[in-house]
Amino acid sequence: MSVDMGDFWIVTAVAAAGTFALRYSFILVMDMISMPRAVTRMLRFIPAAVLTAIVVPAVVFHTAAGGTSFDWRRTLAAGIAAAVAWKTRNMPLTIAVGMAALWLVKFLAA
Amino acid sequence: MLTRFDSMTAGARAVAPILLGVAPFAMIYGAVAVAAGVTKAGTMGMSLAVFAGAAQLAAVGLLAKGAPAAVAIFTALVINLRMVMYSASLAPHFSGLSPLEKAPLAYLLTDQAYALSIARFCADGPPVNKPWFYFGAGIALWAVWQCCVAAGAFLGAAIPASWELDFAIPLTFMALVVPAIRDRACGAAALAAGLAALAGRVLPYNLGLVLAAVCGIGAGYLFEQRSGRHVR
């Protein structure tokens with residue numbers, strides 16, 4: 001079924017305005033109001049918490065045409081990449097080793 | 001401290017290693033939207049206006065299945081809820097700017113621009129002009145994203161799915177998050193968030209991500225409170 005372009009432009013306009021509001025929220029207001037101490041102390045955990053929550057399901061499961069399932073090849077490759085990230089703190093190397101490990105494991109397991 | 005211009009170019013250069021994951025994702029959105037019957041102008045229009053890949057893909061997918069516009073909007077916004085946390089995390093680094101100066105920075109906020117910037121702001125090394133570093137990274141990602149969406153819309157997704165280049169995206173974030181885990185409280189935050197994300201995967205609208213992030217932040221905070229009392 002083809003997308004109705006009238007609906008599409010409505011979705012685009014409202015999603016754009018809403019997404020901008022979500023992005024602007026704290027960047028705009030944090031100068032204007034004083035945050036409770038507990039909130040400012042929580043801020044430093046945001047990178048570790050949010051990025052880990054993105055990474056873990058994405059490397060343990062694989063979503064393909066057939067649906068989402070546990071993927072041991074990705075999990076293994078991610079473990080190797082995590083060790084590289086820990087030891088070297090080098091992003092290009094982490095990405096290269098992780099992709100190479102995934103391709104190698106897929107090749108060997110095929 | 002680096003000058004504005006040097007900070008901006010440092011931000012733009014920091015983007016280079018993560019393009020392997022970003023470029024195919026943008027092409028996929030472009031190709032999927034056109035294949036679903038969206039015009040090329042619409043495909044580019046949404047990408048310019050919303051500028052959030054996962055939300056764009058979800059909205060187009062729902063509309064293609066005949067879902068009402070309200071459902072597509074709701075889903076896109078729930079997927080983007082994590083932006084509020086990024087906004088809170090970055091806000092102290094942008095304090096003192098005028099609301100007008102903050103607006104373009106907010107528009108450019110993405111997972112990648114956030115992760116690259118916060119990693120740099122918290123790392124050792126020559127201090128940068130923070131808003132300009134972030135702007136350099138954000139505008140470089142924006143330009144690459146829009147060009148690759150156009151490429152996907154006109155050429156189709158040229159990269160076979162069997163290469164699994166989508167795996168480069170979590171690898172990027174992994175490379176950024178590992179150095180950010182600097183103490184045991186951060187480790188507790190990451191561990192709790194990772195476990196909660198696995199458990200929350202079954203929730204709809206990507207809500208598991210937000211829930212897991214809240215669990216992680218709470219765990220880190222409580223860990224720090226408890227260990228703080230022990231020290232005293």
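A:Arg41 is partly exposed, because its relative accessible area is 27%, a class that lies between buried (under 20% relative accessible area) and exposed (over 50%), judged with a 1.4 Å probe and protein chains only. The model is predicted, so local features need pLDDT of at least 70 and side-chain atom pairs count only at pLDDT 80 or more, while totals for chains, interfaces and linings use all residues. Residues are numbered from 1 along each chain as its sequence is written, chains are lettered from A and ligands numbered from 1 in the order in which they are written, and side-chain values use heavy atoms, with hydrogens and water left out.

**Salt bridges**

Over all chains, a search of the whole structure finds eleven salt bridges, a term that requires a side-chain nitrogen of Lys or Arg within 4 Å of a carboxyl oxygen of Asp or Glu. A:Arg41 takes part in one of them with B:Glu224, where the closest N and O atoms are 3.2 Å apart. This pair crosses between chains, with A:Arg41 in helix α2 (residues 37–43) of chain A and B:Glu224 in helix α12 (residues 207–231) of chain B; helices here are DSSP runs (H or I, at least four residues) and strands are runs of E (at least two), numbered from the N terminus. B:Glu224 counts as buried, because its relative accessible area is 17%.

B:Glu224 also meets the side chain of A:Arg44 in a salt bridge, at 2.5 Å from N to O, and this pair likewise crosses between chains, from the loop between α2 and α3 of chain A to helix α12 of chain B. A:Arg44 has a further salt bridge with B:Asp183, at 3.0 Å from N to O, which again crosses between chains, from the loop between α2 and α3 (46–60) of chain A to the loop between α10 (168–180) and α11 (184–199) of chain B.

| Chain A residue | Chain B residue | N to O distance |
|---|---|---|
| A:Arg41 | B:Glu224 | 3.2 Å |
| A:Arg44 | B:Asp183 | 3.0 Å |
| A:Arg44 | B:Glu224 | 2.5 Å |

Elsewhere, a network of salt bridges links A:Asp71, A:Arg73, A:Arg74, A:Lys106, B:Glu164 and B:Asp166.

**Aromatic rings**

Eight aromatic pairs are found over all chains, where rings of Phe, Tyr and Trp (its six-membered ring) pair if their centres lie within 6.5 Å, with planes under 30 degrees apart counted as stacked, over 60 as edge-to-face and the rest as tilted. One of them joins A:Phe8 and A:Trp9 in an edge-to-face arrangement, with 5.7 Å from centre to centre and 80° between the planes. A:Phe8 is buried, at 0% relative accessibility, whereas A:Trp9 is partly exposed, at 40%. The pair of A:Phe20 and A:Tyr24 is tilted, because the ring centres are 4.9 Å apart and the planes stand at 35°. These two residues are four residues apart in helix α1 (residues 5–29) of chain A, so about one helical turn separates A:Phe20 from A:Tyr24. A:Phe20 is partly exposed, with a relative accessible area of 27%, and A:Tyr24 is buried, with 15%.

Charges also sit over rings, which requires NZ of Lys or CZ of Arg within 6 Å of the ring centre and within 35 degrees of the ring normal. A:Arg89 lies over the face of A:Trp86, at 5.6 Å from the ring centre, and B:Arg201 lies over the face of A:Phe61, at 3.6 Å from the ring centre.

**Cysteines**

The structure holds zero disulfides over all chains, a disulfide being a pair of cysteine sulfur atoms within 2.5 Å. For B:Cys148, the nearest cysteine sulfur is that of B:Cys147, 6.7 Å away, and B:Cys148 is buried, with a relative accessible area of 15%. The sulfur of B:Cys215 is too far for a bond, because the closest cysteine sulfur, in B:Cys186, is 16 Å away; B:Cys215 is partly exposed, with a relative accessible area of 35%.
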